[in-house]
Amino acid sequence: MMSSPGKCTPSQVTEEDAAADRPPCEEKREDEDSFSDISDSELLQLQDAAETGGSSLPVEKNKQPEDGTSSLQSVDVRTETNNGLYQDGTGKNISRDFLQRKRKTEVETPLEKYFLKYVTVTNICAQLWCEQQMVYKMEQPILAEPEKSAAMSEGSSIHLARELEVHDIVSVTTQTREDSWAIKCLNILAMIPVLQAGGKIREFPVFGELDGLFVVGVIDELGYSSKGELQLRELKTRASPTLPRYGQKRSHEIQVSLYKLLFDGMVSGRLQPDVFMQHLKLRPEQGLGPQVKEHAMKSGLTVSTFRDVLELTCLNLTYSDLPMIDSLKLEYCYQGDGSLLGCDEVSFQKETLLQQVTFYFSYWKGLRDIQGVDIEDAWKCRMCEYSSICEWRAQKTKSITIQTLNKRLK
DNA sequence: ATTGCTGAATGG
């Protein structure tokens, strides 16, 4: 028996991919304005029309109240025609729909603005570093300093090498979003028995709902310590042979703490299939692609729909009697020679963590504006790609100048 | 979405 659990990576195949090898950076910018197909004058007319006609109540996001009913039937399946196209009931209210959406864009939350269905753990960590920088990265993802990206790709390849030590990576072609989420689930299903047997795994996907938002991440490594505790290890490779300063360490601590929060939730049955599908807007009855089914077969699972895989995963997580994570460890290695620079044990502070989550999520929910670095963290700007165009920085610098002037006047 | 909504993390 070859028992090495092959982790698979979904390799999405679309017509576009087949078409050409185009530079990866350029493809995202095409359609910044979702309404480029409607002219400004048309929009104004529409606006006027509705101003007088006026029933443009803001549509509450369809968050259904949790009644106690069993989950099986309450899943929201989107209506879909046989050919996979979405139908518009009336066909004649398109302009009004456009208007409502256009108006909504004016008050939309960052989550909606960037079309995000979930927030990643790295996202939250980036926020911690500097929210302004994170926003610039989302809006203008170009220009990474060559030196910096070198450090990052070096980090990536070290991580990949370590991953290959514990399992193979199998490529599985996926055709739908359901397919790629199914792959994540199948990966989890393959890793559970390894954990149960006391083994070590890498790249364990975690997700769950926190403070109303869906959060997704990947645990670097899970294994058992000499004391028999389930230990999370997060490897940080460093371009210089120095340990990080607090500003960086803080974000590493939050990163692993979030992983624990999500993992613990998953193994204690807090991950509900329908919550999962509602957040990610997945279709539970979506049939899985042939390659995905085939891959599941190899692990001895017969599944046909996405719901099958998801429910199997949730059940396995809940009833496999996996422990929660006992210890959180950060390992710092020097990229130059691979030497260990130091380790850190992170103490998990649930309340503090949840408070921080609430604060950082209030941005995503549109409850507050972004907050750039504090004055005392201005050193971060020295290595920021966006410092020259940064509005936050300009603002802060101005206010500092004024402060100093006032002091002198005293 | 009658166009359509992400591998996450990589490091500072």
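Predicted model: local features only at pLDDT ≥ 70, side-chain atom pairs only at ≥ 80, totals over all residues.
Me: Ok, how many helices and strands does chain A have?
Reply: Chain A comes to 14 helices and 8 strands.

Me: And what percentage of chain A is buried?
Reply: Buried residues make up 23% of the 410 residues in chain A.

Me: What about contacts, what share of them join residues at least 24 apart?
Reply: If you take contacts between residues at least 6 apart in sequence, 74% of them join residues at least 24 apart.

Me: Switching topic. Which domains does chain A get?
Reply: The domain assignment gives domain 1, covering 119–364, and domain 2, covering 375–409. Their centres, taken over C-alpha atoms, are separated by 35 Å.

Me: How many residues does each domain put into the contact?
Reply: Domain 1 gives 9 residues and domain 2 gives 7.

Me: Which element gives the largest share of domain 1's side?
Reply: That's helix 6, residues 131–139, with 3 residues. Sorted by class, the side of domain 1 that touches domain 2 has 5 nonpolar, 3 polar and 1 charged residues.

Me: Now helix 8 and helix 12. What angle do they pack at?
Reply: Helix 8 (residues 177–196) and helix 12 (residues 306–319) pack at about 30 degrees, and their axes are 9 Å apart. Angles under 35 degrees count as roughly parallel, so helix 8 is roughly parallel to helix 12.

Me: Is the crossing left-handed or right-handed?
Reply: Helix 8 passes helix 12 in a left-handed crossing.

Me: Which residues meet there?
Reply: From helix 8 you've got Glu178, Ala182, Cys185, Leu186, Ile188, Leu189 and Ile192. On the helix 12 side they meet Phe306, Val309, Leu310, Leu312, Thr313 and Asn316.

Me: How do those divide into nonpolar, polar and charged?
Reply: The contact has 10 nonpolar, 2 polar and 1 charged residues.

Me: Last one: Gln255. Where is it found?
Reply: Gln255 is found in helix 9, residues 246–267.

Me: Why does Gln255 count as buried?
Reply: Because Gln255 has 22 C-beta neighbours inside 10 Å, and the cut-off for buried is 20 or more.

Me: Which residues does Gln255 touch?
Reply: Leaving out residues up to four places away in sequence, Gln255 touches Val121, Cys125 and Glu234.

Me: And what distance separates Gln255 and Lys365?
Reply: Their C-alpha atoms are separated by 20 Å, with the two residues 110 apart along the chain.

Methods. Residues numbered from 1 in each chain as written. Chains lettered and ligands numbered in written order. Axes fitted to C-alpha atoms, helices over the stretch in contact; angles between N-to-C directions. Helix = DSSP H or I, 4+ residues; strand = E, 2+ residues; numbered from the N terminus. Parallel < 35°, antiparallel > 145°, perpendicular 65-115°, else oblique. Left-handed = near helix turned anticlockwise from the far one by under 90°. Contact = placed C-beta atoms within 7 Å. Nonpolar A, V, L, I, M, F, W, Y, C, P; charged D, E, K, R; others polar. Buried ≥ 20, exposed ≤ 12 C-beta atoms within 10 Å, placed from the backbone. Domains from an automatic or database assignment.
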